[in-house]
Amino acid sequence: MAPTLAHGFADPVHAGQAVFRAAMEALSRPGRIRPLVTALVPPAPLTPELAALALALTDADTPVWLDAPLRADPAVAGFLRFHTGAPLVANPGGAAFALIADPARCPPFTDFAPGTPAYPDASATLILAVDTLSDADGRDFAEQACARQVFAGPGIRGTAPFAAGPLPADWTARWAANHAGFPLGIDCLFVAPGRLAGLPRSARPVDAETVPGSDGSAGSEALPCTSR
Amino acid sequence: MNPPNPAVARATVTVSAGAGYNFAYLDEGTKRMIRRAILKAIAIPGYQVPFAAREMPMPYGWGTGGVQVTAAILGAADVLKVIDQGADDTTNAVSIRRFFTATAGIATTTRTAEATVIQTRHRIPEAPLAEGQVLVYQVPIPEPLRFLEPRETETRQLHALAEYGLMHVKLYEDIARHGHIATTYAYPVEVAGRYVMDPSPTPKFDNPKMDDCPALQLFGAGREKRIYAIPPYTRVRSLDFEDHPFRVQRFDRPCALCGAEDVYLDEVVLDDAGGRMFVCSDTDHCETRLGETRLAETRLADGHTGEAA
């Protein structure tokens, strides 16, 4: 029996708008987790949230790069090609969006387009499917390697602690380098089941030591990276 | 969640109020393109993202940029407010509100506090904005350096190098000629310490409201095909000099209708004999205050003072 193609959005207009608004809110308030509800059932390892963002944001104008686990199953490429029409590219440097199902093995940021000084918007957006996400409320930590940082900058009132995992061990250094290149750089959206958070390049990592509990929860001690 | 059953037809046709139009007029491909530009604009505060602005069923100068941004972000649950120079009841505001009522069937309001999306031409509401609200500006000329350097190739390079000396020279020439910075609207701001941005032709009175604002601010220029943004809680600094600090204009009288002070006033000519009055430019702010005054007067007349006996 031939494999059947999984459905796209039942209502593309309003589902696409809802997913975009969630992404817009996520990027305009870095590190704050918000709900992302979708009824999509895409072929694994493409998660419903990854699929929702791909369907809402990509089309024939946006080259998309898939990481190794997503490339491994041709059903994923088939699903994305059919529903978005986006060209799937082999070179991450040529991608407008990168879908990453195995964030612990996310390629170096330098593999992706950072934009140019004249056109910093010509840069990649990474969408990473993580297992855990945590913000100021400090919920939901697993014993996975969490990259925990405190951020300041546009969209953040005071400081915002944020952690996601699993991510590469050098993630904090990567992000510091990414922010240092502002206005060039890449932007990240993190998805976990039912949830979404964003980190634009403007998010400035601040040393937790220098902001001792500025809002009562900013210190890294308030965010134990352990199971509850 | 049940797996989807391919045998069941799942096509849901989105019917909007304006039959024959997609929800909020624009096609989905255009919306995606605008949405991607908005996301990059938020990630690079103050940077003007080029976008493929469409022809809209209204002339340039009537807010085609703002309308496209609004159309791209609008959802069925949104409540839209549109103001033109602060007023909800002028031609531009009424026609844009009716445009979205017709094409998206969404709710509209004139109350600032009730709106989730506020499209504005040249004012920021007097009532403080809240988290969760989006302010969409209609922008005629997005490039703050355009009147100083007409070539796009050059202004783009100046932004890339963060070379804003020209703008300071312009403000300095104001001081040399007039003794003070004479720029009163479209007063240039520096966003998050990097890009110099044109806040659209809002009076400089409104510039302080852009700083550390809890709401997301989006700017759309249709003819010039640019989108830019100020995320919430972003530092927005009006350019000035140590010895000529930025100051907003003050009015020497309160609003003639509601008595509000520290608001932006419009001059209304009353007759041919030089009669004039100054009233709130923000009609909702004025009406809200008048309503509160009436309510208080009614309560007093009825003997209700609001205090528990």
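What percentage of the 228 residues of chain A count as buried? In this predicted model, local features require pLDDT of at least 70 and side-chain atom pairs count only at pLDDT 80 or more, whereas totals for chains, interfaces and linings use all residues. Residues are numbered from 1 along each chain as its sequence is written, chains are lettered from A and ligands numbered from 1 in the order in which they are written, and side-chain values use heavy atoms, with hydrogens and water left out.

Of the residues of chain A, 57% count as buried, where buried means under 20% relative accessible area, exposed means over 50%, and partly exposed lies in between (1.4 Å probe, protein chains only). Chain A has five helices and 11 strands; helices (H or I, at least four residues) and strands (E, at least two) are DSSP runs, numbered from the N terminus. Contact is defined as heavy atoms within 4.5 Å. Among contacts in chain A with a separation of 6 or more, 72% are between residues 24 or more positions apart.

Arg34(A) is placed in strand S1 (residues 34–35) of chain A. Arg34(A) counts as buried because its relative accessible area is 16%. Apart from neighbours within four places in sequence, the contacts of Arg34(A) include Ala22(A), Glu25(A), Ala26(A) and Arg29(A), together with Gly194(A), Arg195(A) and Leu196(A).

Phe182(A) occupies the loop between helix H5 (171–180) and strand S9 (187–192) of chain A.

At the interface, 47 residues of chain B are in contact with 46 residues of chain A. The two chains bury about 3,900 Å² between them, 62% of it on carbon and sulfur atoms; buried area is the accessible area (1.4 Å probe) that two parts lose on being put together, summed over both. Arg36(B), Leu39(B) and Lys40(B) supply 17% of the area that chain B buries against chain A, more than any other three residues.

Seven salt bridges are found across the interface of chain B and chain A, a salt bridge being a side-chain nitrogen of Lys or Arg within 4 Å of a carboxyl oxygen of Asp or Glu. One of the salt bridges joins the side chains of Arg36(B) and Asp61(A) (4.0 Å, N to O). On the side of chain B that touches chain A, H1(B) gives the most, with 11 residues. By class, that side has 28 nonpolar, eight polar and 11 charged residues; Ala, Val, Leu, Ile, Met, Phe, Trp, Tyr, Cys and Pro count as nonpolar, Asp, Glu, Lys and Arg as charged, and the others, Gly among them, as polar.

Within chain B, Thr155(B) lies in helix H4. Thr155(B) is buried, with a relative accessible area of 0%. Beyond neighbours within four places in sequence, Thr155(B) is in contact with Glu143(B), Leu145(B), Arg146(B) and Glu149(B).

The structure holds zero disulfides over all chains, a disulfide being a pair of cysteine sulfur atoms within 2.5 Å. Cys255(B) is in no disulfide, and the nearest cysteine sulfur, that of Cys280(B), is 3.7 Å away. For Cys280(B), the closest cysteine sulfur is in Cys258(B), at 3.6 Å, which is too far for a bond. Cys255(B) is buried, with a relative accessible area of 3%, and Cys280(B) is buried at 6%.
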